[in-house]
Amino acid sequence: MRKSIITLVFFFLSAFGCLPAPDRHVVPQPKPEVRTLSLVSTDVLDERIRVISRILSERGLSEKDRKLASDVLSSYVLLREVVSSQPTRLDYQMVIHDLFRCLSLFDEKYFLR
């Protein structure tokens with residue numbers, strides 16, 4: 001009797017071992033939306049754009065200063081556009097290039113004489 005019980009147990013264990021694994025339905029979780037906070041406030045940029053525009057409207061600027069102010073204004077406008085949208089890598093590259101160009105102009109004008 002004992003031998004038959006052991007045989008029966010082995011039979012059931014081997015039969016269960018041959019069964020396929022149960023299907024697991026994994027529902028993919030939606031990725032959370034990643035939103036980055038703007039490093040510069042659009043209000044601050046708008047104010048800088050207004051100030052530089054007002055400076056450009058004055059007549060007392062030399063041609064070099066006018067060019068410099070115009071380049072700074074275009075940099076602020078570009079930065080404003082990038083900040084108010086969902087910037088891409090290319091947008092960041094354009095802003096960095098433009099800011100470097102403006103800083104180089106400042107260096108040439110005021111420091112590298």
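What follows is a chat about the helices, core and a few residues of a predicted model.

Q: Hi! What does the secondary structure of the protein come to?
A: Hello! This is a predicted model, and its secondary structure comes to four helices and zero strands. Read along the sequence, the pattern is α-α-α-α.

Q: How much of the protein counts as buried?
A: Of its 113 residues, 17% count as buried.

Q: And what share of the contacts with a separation of 6 or more comes from residues 24 or more positions apart?
A: Those residues account for 65% of them.

Q: Let's get to the helices. At what angle do α2 and α3 pack?
A: The angle is about 155°, and the axes of α2 and α3 are 9 Å apart. Angles over 145 degrees count as roughly antiparallel, so α2 is roughly antiparallel to α3.

Q: Is that crossing left-handed or right-handed?
A: Left-handed: that is how α2 passes α3.

Q: Which residues meet there?
A: From α2 you have T42, L45, D46, R48, I49, I52, S53 and L56. On the α3 side they meet R66, A69, S70, V72, L73, Y76, V77, L79, R80 and V83. By class, this contact of α2 with α3 has 11 nonpolar, three polar and four charged residues.

Q: I'm curious about L56. Which residues is L56 in contact with, leaving aside neighbours within four places in sequence?
A: With those neighbours left aside, L56 is in contact with L61, R66, A69, S70 and L73.

Q: OK, moving along the chain. How do the axes of α3 and α4 cross?
A: Helix α3 covers residues 63–83 and helix α4 covers residues 89–111; their axes come within 10 Å and cross at roughly 160°. That makes α3 roughly antiparallel to α4. This crossing is left-handed, with α3 passing α4.

Q: Who meets whom in that pair?
A: On the α3 side there are K64, D65, L68, D71, V72, S74, S75, L78, L79 and V82. Their partners in α4 are D91, M94, V95, D98, L99, R101, C102, L105, F106, K109 and Y110. Sorted by class, the contact of α3 with α4 has 12 nonpolar, two polar and seven charged residues.

Q: What is S75 in contact with, beyond neighbours within four places in sequence?
A: Setting those neighbours aside, S75 is in contact with D98, L99 and C102.

Q: New topic: which residues make up the largest nonpolar core?
A: There are 12 residues in all: L45, I49, I52, L56, A69, V72, L73, Y76, L78, L79, V82 and V95.

Q: Which helix gives the most to this core?
A: That's α3, with seven residues. Helices α2 (42–57) and α3 each supply at least two residues of the core.

Q: Last one, L103. Where is L103 found, and is L103 buried or exposed?
A: You'll find L103 in helix α4. L103 counts as exposed because its relative accessibility is 53%, and the cut-off for exposed is over 50%.

Q: How far apart are the C-alpha atoms of L103 and V72?
A: They are separated by 9.0 Å, with the two residues 31 apart along the chain. V72 also belongs to the largest nonpolar core.

Key. Residues are numbered from 1 along each chain as its sequence is written. This is a predicted model: local features need pLDDT of at least 70, side-chain atom pairs count only at pLDDT 80 or more; totals for chains, interfaces and linings use all residues. Side-chain values use heavy atoms; hydrogens and water are left out. Axes are lines fitted to C-alpha atoms, for helices over the stretch in contact, and angles run from 0 to 180 degrees between N-to-C directions. Angles under 35 degrees count as roughly parallel, over 145 as roughly antiparallel, 65 to 115 as roughly perpendicular and the rest as oblique. A crossing is left-handed if the near helix is turned anticlockwise from the far one by less than a right angle, and right-handed if clockwise. Contact means heavy atoms within 4.5 Å. Ala, Val, Leu, Ile, Met, Phe, Trp, Tyr, Cys and Pro count as nonpolar, Asp, Glu, Lys and Arg as charged, and the others, Gly among them, as polar. A nonpolar core is a set of buried Ala, Val, Leu, Ile, Met, Phe, Trp, Tyr and Cys residues joined through side-chain atoms within 4.5 Å. Buried means under 20% relative accessible area, exposed over 50%, partly exposed in between (1.4 Å probe, protein chains only).
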